[in-house]
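Please read the points below with the structure open beside you, and take them one at a time. Each point gathers what can be said about one part of the chain.

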Amino acid sequence: MPESVDAFEMQAALLRLRRTSGLPVAFGGLLSDTRHTRIAEVNGAQTTALRGLVISSGSGLGGKSMALSRPCAVTDYRSSRHISHEYDTAVAAEGLRSVVAVPVVVRREVRGVLYGALREPLVLGDRTFDAAVAAARDVEQALAVRDEVRQLLAATRPDPVAEPGAAPAAWEDVREAHRELRALMPKVTDPALRDELLAVCGRLAAATGTPAPGAREVQLAPREIDVLACVAAGATNAAAAERLGLRPETVKGYLRSAMRRLGAHTRLEAVVAARRAGLLP
C-alpha cells in the first residue's frame, strides 16, 4: 500500500481524534512488518521526537495495546509500572503524561496503533476512550475497503478480459467483480486508487468488445452505472440502496434517469441497453 495512502487515512483519523476528544496531541502509524509499527503521522506535537519512532509489539503503551489487541491507557507515562519504558526519551521530549493507545485491527489482525495524549497527568475519561476507538475504527474501515479493492483488482489483472465466447460461469465472475468494484468506489478516498478502480471497471465493462452494432451512444453518471450494475444482479431498489449506501428513493431516481437516457421502458431493457452500449459487462 503506498505510503501516501496510509498518510491520508491516518491524518484524517488523528485530526478527528483531537477534535472529538480535546486531546492536544495525537499520533500513530501502521505496521511496517509483523511486529513493528512506525509512527508516521503526528498531529499537535511541539517536537519531532515521536515521528519515525518504531514501536515493537509488547513494548511501551502502544506495543502493549498491539499485543493485547485492545485499548490501553496510563495516567502518568513516566511513572507507570504497567508498561515497559523503551520510549521514555521520546515521550519526555514531547512532554506527554496521560496517554491512550488504541490498536487498529482488521479481521482480527493488528495493523497499527493510534495514540492520544495530554501534557498533564490526568485520568482519561470515557469520552476520550470513545473518541480514540472511533478514530481507530475509521482507519480500520478504510483499510478493510482497500484490502477488498486490492483483492478484486488483483483478480482482474493476471489475464486479459474474458473472451466473448467464455463460459457463462466465467462471465458471471466478470460481472460480479464489476458490481463489487462499483459498490466500493464511493468508499475509496484516495484519488489514485479511485482512478485505478475506474480504469479496471472500464476494462470489465468493455469485456464484450466494441458496443453492439446500432447501439445508442450513451453517457451515464457514475451512480447511474452503479445502480444498473446492482439491478443487473437482480437487486431490488432497497437491496441496491443498502449496498450502495443510498436511500431507496435515490436509487429509484438514478434508475429512472438511466432508463430515460438509454431509451428503456423496463429495468431489464435498461440493463440490456447498457450492455449493448459497453457500459456494463
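**Notes on a predicted model**

1. Strand S1 is covered on both of its faces: Val 25, Phe 27 and Gly 29 are buried on one side, and Ala 26, Gly 28 and Leu 30 are buried on the other. Please keep in mind, while looking at these residues, that the model is predicted. Taken as a whole, the strand spans residues 25-30, and six of its six residues are buried, so that it is described as mostly covered.

2. Which strands pair with S1, and how do they run? Strand S7, made of residues 109-117, is joined to S1 by six bridges, and the two run antiparallel. Strand S3, made of residues 41-43, is also antiparallel to S1, and three bridges link this pair.

3. Is Glu 224 buried or exposed? This residue belongs to helix H7, which covers residues 222-232, and Glu 224 counts as buried because its relative accessibility is 3%, whereas the cut-off for buried is under 20%.

4. What surrounds the side chain of Glu 224 can be described in some detail. One of its polar atoms lies 2.9 Å from the backbone nitrogen of Ala 221, and a polar contact of 2.5 Å connects the side chain of Glu 224 with that of Ser 257. When neighbours within four places in sequence are left aside, Glu 224 is in contact with Tyr 254, Ser 257, Ala 258 and Arg 261.

5. Two arginines deserve attention in the loop between S6 and S7, where strand S6 comprises residues 99-106 and where Arg 107 is found, and Arg 108 has its place in this loop as well. Phi is near 50° for Arg 107, a positive value in a residue other than glycine, and phi of Arg 108, near 65°, is likewise positive in a residue other than glycine. Arg 107 counts as exposed because its relative accessibility is 59%, and Arg 108 counts as exposed because its value is 85%, the cut-off for exposed being over 50%.

6. The last point concerns His 82, which lies in the loop between strand S5 (72-74) and helix H3 (88-94). With a relative accessibility of 63%, His 82 counts as exposed. Between His 82 and Lys 64 there is a separation of 18 residues in sequence, and their C-alpha atoms are 9.4 Å apart in space.

Technical notes:
Residues are numbered from 1 along each chain as its sequence is written. This is a predicted model: local features need pLDDT of at least 70, side-chain atom pairs count only at pLDDT 80 or more; totals for chains, interfaces and linings use all residues. Side-chain values use heavy atoms; hydrogens and water are left out. Buried means under 20% relative accessible area, exposed over 50%, partly exposed in between (1.4 Å probe, protein chains only). Helices (H or I, at least four residues) and strands (E, at least two) are DSSP runs, numbered from the N terminus. Two strands pair if DSSP finds at least two bridges between them. A polar contact is a pair of N or O atoms within 3.5 Å; within protein, one must be able to donate a hydrogen and the other to accept it, and residues adjacent in sequence count only if both atoms are side-chain atoms. Contact means heavy atoms within 4.5 Å.
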